[in-house]
Amino acid sequence: MSNVTPVQQTAGGTVLRDRAFGNATGLICRECGATQELGPHYACMECFGPLEISYDFPAITRADIEAGPANIWRYKALLPVPDDIEQSPNTEPGYTRLLKANNLGRELGITTLWVKDDSTNPTNSFKDRVVACALSAAVEFGAKVFACPSTGNLANAVAAAGARAGIKTVVFIPSNLEQPKQVNSAIFTESLVAVDGNYDDVNKLASEIAGEEDGWAFVNVNVRPFYAEGSKTLGYEIAEQLGWRLPDQIVIPVASGSQLTKVDKSFQEFIKLGLVEDKPYKVFGAQAEGCGPVATAFKAGVDAIRPVKPDTIAKSLAIGNPADGIYVLDIARRTGGAVEEVTDDEIRDGIVLLARTEGIFTETAGGTTVAVLKKLVETGQLDPSLETVVINTGHGLKTLDAISDRVGPVATIAPTYDAFVAAGII
Ligand SMILES: *Cc1c(COP(=O)(O)O)cnc(C)c1O
Ligand SMILES: [Zn+2]
């Protein structure tokens with residue numbers, strides 16, 4: 001893909017910003033601060049550190065945002081997308097429900113608890129947000145193929161968004177992925193590729209293809225800086241839906257760690273723009289014990305994250321070498337939060353608990369997050385008297401196998417009243 005030039009010379013000699021990326025001005029290295037032009041780049045040319053989007057935001061008011069559509073594009077001024085992004089075909093994700101979770105709160109002893117339910121996005125996970133931003137960048141860079149390595153949900157979102165935008169998609173998954181997640185990709189694309197290996201192997205292969213093939217936009221590899229910005233909309237929505245305030249505590253699942261770092265970034269941006277009052281908040285990360293490299297480093301009090309080989313039912317969180325893990329550690333420590341991990345059994349309990357208390361069917365990632373929330377309260381790491389938000393990132397219909405032995409008919413009876421009475425159900 002070719003580079004783009006973020007400035008244009010007009011006939012009169014004035015320099016205009018390229019509106020293809022809205023208020024974004026360039027890419028900046030998170031490690032050394034070196035800058036480069038907006039383009040399909042993800043690693044710093046000086047130090048190979050990860051690149052982030054930098055912006056020059058105009059004054060923006062709550063009313064400006066409230067006048068926008070009921071999807072992530074209400075925040076388009078804060079994203080690297082063109083001003084007319086709503087006009088290009090996309091899945092219009094976001095603006096999902098923030099539900100007051102009184103029953104779950106009572107069960108866990110938390111006074112004020114909210115569930116941000118991202119399972120209702122177009123392909124039933126939060127990944128539709130990041131993919132919408134990556135798609136906009138891919139189109140701008142003239143990509144021929146829209147692709148990703150995925151633990152499942154990302155592949156679903158890429159395949160659907162590509163179908164809607166009329167761009168060819170190729171999605172790569174570990175071959176042992178849950179069947180429903182495979183079908184949920186294959187329904188949208190002819191090119192679902194199952195790789196014999198774990199996610200980290202699939203990711204390595206994707207990086208290799210990105211290096212060899214021209215015109216491929218891998219959403220979470222070479223357009224990752226644009227992709228990552230989509231997660232900010234989760235944080236923006238939470239603040240807006242709370243009535244333009246930040247919560248005291250938030251619990252977020254961690255795979256690569258991108259989502260957690262961007263929710264923190266979104267809160268910081270809202271504070272800087274004067275859209276919410278500045279106040280302390282604590283960020284907590286949730287992992288599975290079978291893939292908890294960030295939780296392990298947090299507990300050990302070290303800065304380096306030692307990669308692991310994932311072995312957990314929380315396959316959507318099964319990234320053994322998380323790209324943003326060190327930044328998750330920084331945020332958890334800086335805000336007074338924590339990164340905690342739970343067993344597969346606790347994850348199943350978390351899924352059932354959320355379903356039975358709030359009528360929300362979450363996938364294993366949400367089970368992990370709810371179970372971590374419970375553990376954080378029980379171990380005194382999270383203050384149950386403070387306002388808390390927990391994020392549900394995906395839908396339980398995609399991971400039915402994880403709980404199919406745990407729930408089912410209470411009895412199988414003959415179709416007679418006598419049989420019903422005899423079963424002793426009530
Ligand atoms: C991808 C994913 C996450 C976490 O994503 P990262 O940004 O990589 O940490 C959480 N939950 C679900 C359901 C996901 O698919
Ligand atoms: Zn650098």
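Visitor: Let us start with Glu240. Leaving aside its neighbours within four places in sequence, which residues is Glu240 in contact with?
Guide: Glu240 touches Ile65, Glu66, Arg74, Tyr75 and Tyr95, setting aside neighbours within four places in sequence. Contact here means heavy atoms within 4.5 Å.

Visitor: What kind of model is this?
Guide: This is a predicted model, in which local features need pLDDT of at least 70, side-chain atom pairs count only at pLDDT 80 or more, and totals for chains, interfaces and linings use all residues. Residues are numbered from 1 along each chain as its sequence is written, chains are lettered from A and ligands numbered from 1 in the order in which they are written, and side-chain values use heavy atoms, with hydrogens and water left out.

Visitor: In which helix is Glu240 placed?
Guide: Glu240 belongs to helix H8, residues 232-241. Helices (H or I, at least four residues) and strands (E, at least two) are DSSP runs, numbered from the N terminus.

Visitor: Is Glu240 buried or exposed?
Guide: Glu240 is buried, at a relative accessible area of 8%. Buried means under 20% relative accessible area, exposed over 50%, and partly exposed in between (1.4 Å probe, protein chains only).

Visitor: And Arg106, buried or exposed?
Guide: Arg106, in helix H2 (residues 102-108), has 59% relative accessibility and therefore counts as exposed. The C-alpha atoms of Arg106 and Thr357 are separated by 9.3 Å, although these residues are 251 residues apart along the chain.

Visitor: On to the strands. How many residues of S8 are buried?
Guide: Strand S8 has 5 of its 5 residues buried, so the rest of the structure largely encloses this strand. Val145, Ala147 and Pro149 lie on one side, Phe146 and Cys148 on the other.

Visitor: How many bridges pair S8 with S9?
Guide: Strand S8 (residues 145-149) and strand S9 (residues 168-174) pair in the parallel sense over 5 bridges. Pro149 is opposite Phe172 in S9, and Val145 has Lys168 as its bridge partner there.

Visitor: What about S7, how many of its residues are buried?
Guide: Strand S7 (residues 113-117) is mostly covered, with 5 of its 5 residues buried. Leu113, Val115 and Asp117 point one way, while Trp114 and Lys116 point the other way. S7 is joined to strand S6 (residues 97-100) by 4 bridges, running antiparallel, and to strand S15 (residues 388-392) by 5 bridges, running parallel. Leu98 is opposite Lys116, and Asp117 has Asn392 in S15 as its bridge partner.

Visitor: Now the helices. At roughly what angle do H3 and H4 cross?
Guide: Helix H3 (residues 127-140) and helix H4 (residues 153-165) cross at roughly 45 degrees, with their axes coming within 9 Å. H3 is therefore oblique to H4. Axes are lines fitted to C-alpha atoms, for helices over the stretch in contact, and angles run from 0 to 180 degrees between N-to-C directions. Angles under 35 degrees count as roughly parallel, over 145 as roughly antiparallel, 65 to 115 as roughly perpendicular and the rest as oblique.

Visitor: Which residues of H3 take part?
Guide: Lys127, Asp128, Val131 and Leu135 of H3 meet residues of H4, including Leu154 and Ala161. The contact of H3 with H4 holds 7 nonpolar, 1 polar and 2 charged residues. Ala, Val, Leu, Ile, Met, Phe, Trp, Tyr, Cys and Pro count as nonpolar, Asp, Glu, Lys and Arg as charged, and the others, Gly among them, as polar.

Visitor: And how do H12 and H13 cross?
Guide: Helix H12 (residues 344-358) and helix H13 (residues 364-378) cross at roughly 95 degrees, their axes coming within 7 Å. H12 and H13 are therefore roughly perpendicular to each other.

Notes
Pairing = 2+ DSSP bridges.
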